[in-house]
Amino acid sequence: MVRSMIYGLIAVILPTLVIAHPHSAASQMMRSCAGRPEIVNFLDKNFAEKLTAVGLINQNAILEVYAAESGTWTLIVTDVHGISCVLLSGDSWDTMPVLPGLAT
């Protein structure tokens, strides 16, 4: 009984820690948050980045990838309150084509 309670707590705490602190302290220094419209507008005006991919993290957050034809990209997480945080950004983004009949 106690063991299952401990495993249950670990199952809840570990994903929370991963989402709250997904990167090293050095990369977290660069993270900045604002309202989603402000972040999207900034990425469009400064880097010509557009929404390229989106995925559900959990019921409280979504992951969005913005990329530009120049190859720059930005990864953001947006919560249910409309606050987006920039997690990572970089260069040399390349979209891989899906080949017919290939399970990915």
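**Reading the features**

Student: Is Cys-33 buried, exposed or partly exposed?

Tutor: Cys-33 counts as partly exposed, because its relative accessibility is 45%. The classes are these: buried is under 20% relative accessible area, exposed is over 50%, and partly exposed lies in between, with a 1.4 Å probe and protein chains only.

Student: What should I know about the model itself?

Tutor: This is a predicted model, with residues numbered from 1 along each chain as its sequence is written. Local features need pLDDT of at least 70, side-chain atom pairs count only at pLDDT 80 or more, totals for chains, interfaces and linings use all residues, and side-chain values use heavy atoms, with hydrogens and water left out.

Student: Back to the cysteine. Which residue does a disulfide join to Cys-33?

Tutor: The general idea comes before the case. A disulfide is a covalent bond between the sulfur atoms of two cysteines. Here the test is a pair of cysteine sulfur atoms within 2.5 Å. By this rule the count is one disulfide. Cys-33 is joined to Cys-85, with 1.9 Å from S to S. Cys-33 lies in strand β1 (residues 33–35) and Cys-85 in strand β5, so the link ties together parts 52 residues apart in sequence. The link of Cys-33 and Cys-85 is right-handed, with 105 degrees about the S-S bond.

Student: Is Cys-85 buried or exposed?

Tutor: Cys-85 counts as buried, because its relative accessibility is 18%.

Student: How many helices and strands does the protein have?

Tutor: Start with the rule. Helices (H or I, at least four residues) and strands (E, at least two) are DSSP runs, numbered from the N terminus. The protein has three helices and five strands. From the N terminus on, the elements run α-α-β-α-β-β-β-β.

Student: How does the span of α3 compare with what it should be?

Tutor: The expected span of a helix is 1.5 Å times one less than its number of residues. The 12 residues of α3 should span 16 Å, and its end C-alpha atoms are 16 Å apart, so the two agree.

Student: What happens just after α3?

Tutor: Ala-48 takes a positive phi of about 55 degrees there, although Ala-48 is not a glycine. Ala-48 lies in the loop between α3 (36–47) and β2 (50–58). Its relative accessible area is 46%, so Ala-48 is partly exposed. Ser-92 also has a positive phi, near 65 degrees, and is a residue other than glycine. Ser-92 sits in the segment after β5. Ser-92 is exposed, because its relative accessible area is 67%.

Student: How do I read a pair of aromatic rings?

Tutor: Use the distance of the centres and the angle of the planes. Rings of Phe, Tyr and Trp (its six-membered ring) pair if their centres lie within 6.5 Å; planes under 30 degrees apart count as stacked, over 60 as edge-to-face and the rest as tilted. A search of the whole structure finds two aromatic pairs. The ring centres of Phe-42 and Phe-47 are 5.9 Å apart and the planes are at 70 degrees, so this pair is edge-to-face. Trp-73 and Trp-93 form a tilted pair, with 6.1 Å centre to centre and 50 degrees between the planes. That pair links distant parts of the chain: Trp-73 is in strand β4 (residues 73–79), and Trp-93 is in the segment after β5 (83–90), 20 residues apart.

Student: Where is Glu-64, and is it buried or exposed?

Tutor: Glu-64 is in strand β3 (residues 61–67). Glu-64 counts as buried, because its relative accessibility is 1%.

Student: Which residues are in contact with Glu-64?

Tutor: Contact means heavy atoms within 4.5 Å. Leaving aside neighbours within four places in sequence, the contacts of Glu-64 include Arg-36, Leu-51, Leu-75 and Thr-78.

Student: What polar contacts does the side chain of Glu-64 make?

Tutor: A polar contact is a pair of N or O atoms within 3.5 Å; within protein, one must be able to donate a hydrogen and the other to accept it, and residues adjacent in sequence count only if both atoms are side-chain atoms. The side chain of Glu-64 makes a polar contact of 3.0 Å with the side chain of Tyr-66. Another, of 2.8 Å, joins the side chains of Glu-64 and Thr-78.
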